[in-house]
Amino acid sequence: MLRRILSFPNILVYIRLLKILQKNFEIYNNLLYSNNTESRADILTTFDYNSNYRKSIMERNLRFAGNKYKLKIDIANCYSSIYSHSITWALLGKDIAKKMFLEKSSQNSLYKKADEIDNDNTRLKGSETNGLLTGPYSSRIISEIILGAIDKILVHKGYEFTRYVDDYNFYFTSKYECEKSISEIATILSEYNLKLNESKILIEKYPFDILEDYASFFQQSLNKQYPSYDILQKAALLDQQGKKGAYKYAFKLLRNTDLLKKCENMEIVYLFYSLISIIINRPMVARYAVEMISKLEISFSENEMVDKLNDLLHKEIESHHDQEVLWLLYVILRYGSKIKLSNIEKILNSDNDFAIMMILDLLTGHRKQISGYETSKKTSINRSLKQYLISLENNLQVETFYTKRWFLIYEISYFDYNTYGLFKSLKLTNSTYKIFKNNNINFYKRIFKNK
């Protein structure tokens, strides 16, 4: 299974793309409001949207009442598979769009507007036409444009279904119809260079779309010796069974009760390592796990815990798991654990610019958190760090505000970092970035600001 790689787009190119999407909103807004989507994307209202999972389940039961079978499918590696030129296919039809691409004289205003969105989207990926970046909200909008067009084709074929981003629920009166539809749905998706995730195809017989009674399930945990720990264990079990909302419910329960305040010392240790496991194995809910860690009184005085965290961080760095590295590094730095020099060096030598920024934050007045820094190793640690920082500075010399590492260049310039007297050559030369800095706009919240 391919990993989902989150990306932070070049801000100048991203602003341009958002302007183009807003300017041309009228040509695709009907696709965003497909009657079949449960994941509407509307850039003109808000970038934040509330979960309406329970409402969606109830509406499905009303809308598809009487059906005996449900077919669950999703698209394999949806964002990375979307072809940028299919934006024009979605808005004009594939055959017409291809003809206009070849015959420029036949291009109408709709094609030109769609092509403008396509061109600016490819700039976001350094002129690559395959795949959408995972992370930017523009990708949500563009995916809804394309999948909304596919919705129209499926509706025309007579299918009854709902879709949440790339997860589909189709409803049928017989198992035969259900099984027969799979190949036709796959063919329709293939017209847009998309494929079914065959490992996730599931046929369910009524009853389906049942609202989970999490409250009763987790109620059993309250009488356990370690209730908070037991709640997370039950959430892990439900998550393993495919109950996607289990962890969020568990975290909500812990947040809205005083269970964490009643934790004994041993339960705090159990909880902490459970939350670390969630961060590593379920990075999509890592922010909730980190929020729970913030409510625990953790002591990192024991070398065993420090070694364990650093060993885990080392493994995630070696595996190039950037999300996990960021969350683990944040926990280590924010909550006072020591970090080993070897992990710092590996991060400075990586292309994980957010992690590098966190290390630069550490090195600005907080080096005592480096293992061994307060001992006789201080001089050798500083010498080693400086070598890696010189190498980083040299690598950044060939970068610009339009290339992949714009974020690191800007943040170093914004905070005027000059650790070991380095990075003085990194100056803000772009007028837009100068405006950002003059208006105190930055993209990194310092961990050690209040320490």
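Two strands count as paired here if DSSP finds at least two bridges between them. By that rule, strand β1 (residues 69-74) and β3 are partners, running antiparallel and joined by six bridges. Keep in mind as you look around that this is a predicted model.

The protein chain has a mean pLDDT of 89, with 95% of its residues at 70 or more. Among its elements, helix α17 (residues 341-348) has the highest confidence, at 97, while helix α3 (residues 53-63) has the lowest, at a mean of 85. A stretch to treat with care is residues 43-49, where pLDDT stays under 50. The model has 13 contacts beyond four places in sequence for those residues. Where pLDDT is low, the predicted coordinates should not be read in detail.

**The sheet and its helices**

Let's return to the strands. β1 belongs to an open sheet of four strands, ordered β2-β3-β1-β4 and paired in the antiparallel sense. Its edges are β2 and β4 (202-205), each of which pairs on one side only. From one strand to the next, the twist averages 20°. Helix α3 packs on this sheet, where α3 touches β1, β2 and β3, and its direction makes about 165° with that of β2. Helix α8 lies across β2 and β3 and runs at about 170° to β2.

Strands β2 (residues 161-164) and β3 (residues 167-172) pair over four antiparallel bridges. They make a hairpin with two residues between them, and V165 in the turn has a positive phi of about 55°.

In soluble globular proteins, nonpolar side chains tend to be buried together. Here the largest nonpolar core has 136 residues, and those with the most contacts inside it are Y28, I150, Y168, F170, F251 and I276. Helix α8 gives the most to this core, with nine residues.

| Residue | Residues touched |
|---|---|
| I142 | L21, I87, I117, N121 and L132 |
| F170 | Y69, K70, L71, I73, L154, Y159, E160, F161 and I185 |
| S181 | L71, Y159 and F172 |

I142 is found in helix α8 (residues 137-156). Because its relative accessibility is 0%, I142 counts as buried. I142 and I332 are 190 residues apart in sequence, and their C-alpha atoms are 37 Å apart in space.

S181 lies in helix α9 (residues 175-190). Is S181 buried or exposed? S181 is buried, because its relative accessible area is 3%, under the 20% cut-off.

**A capped helix**

Finally, have a look at helix α21 (residues 431-438). N430 caps the N-terminal end of α21, with a side-chain oxygen 2.8 Å from the backbone nitrogen of T432. Following α21 comes N440, which has a positive phi near 55°.

How values were computed:
Residues numbered from 1 in each chain as written. Predicted model: local features only at pLDDT ≥ 70, side-chain atom pairs only at ≥ 80, totals over all residues. Heavy atoms only, no water. Buried < 20%, exposed > 50% of the residue type's maximum accessible area, 1.4 Å probe, protein only. Contact = heavy atoms within 4.5 Å. pLDDT = per-residue confidence, 0-100. Polar contact = N/O pair within 3.5 Å; in protein donor to acceptor, adjacent residues only side chain to side chain. Core = buried A, V, L, I, M, F, W, Y, C linked by side-chain atoms within 4.5 Å. Axes fitted to C-alpha atoms, helices over the stretch in contact; angles between N-to-C directions.
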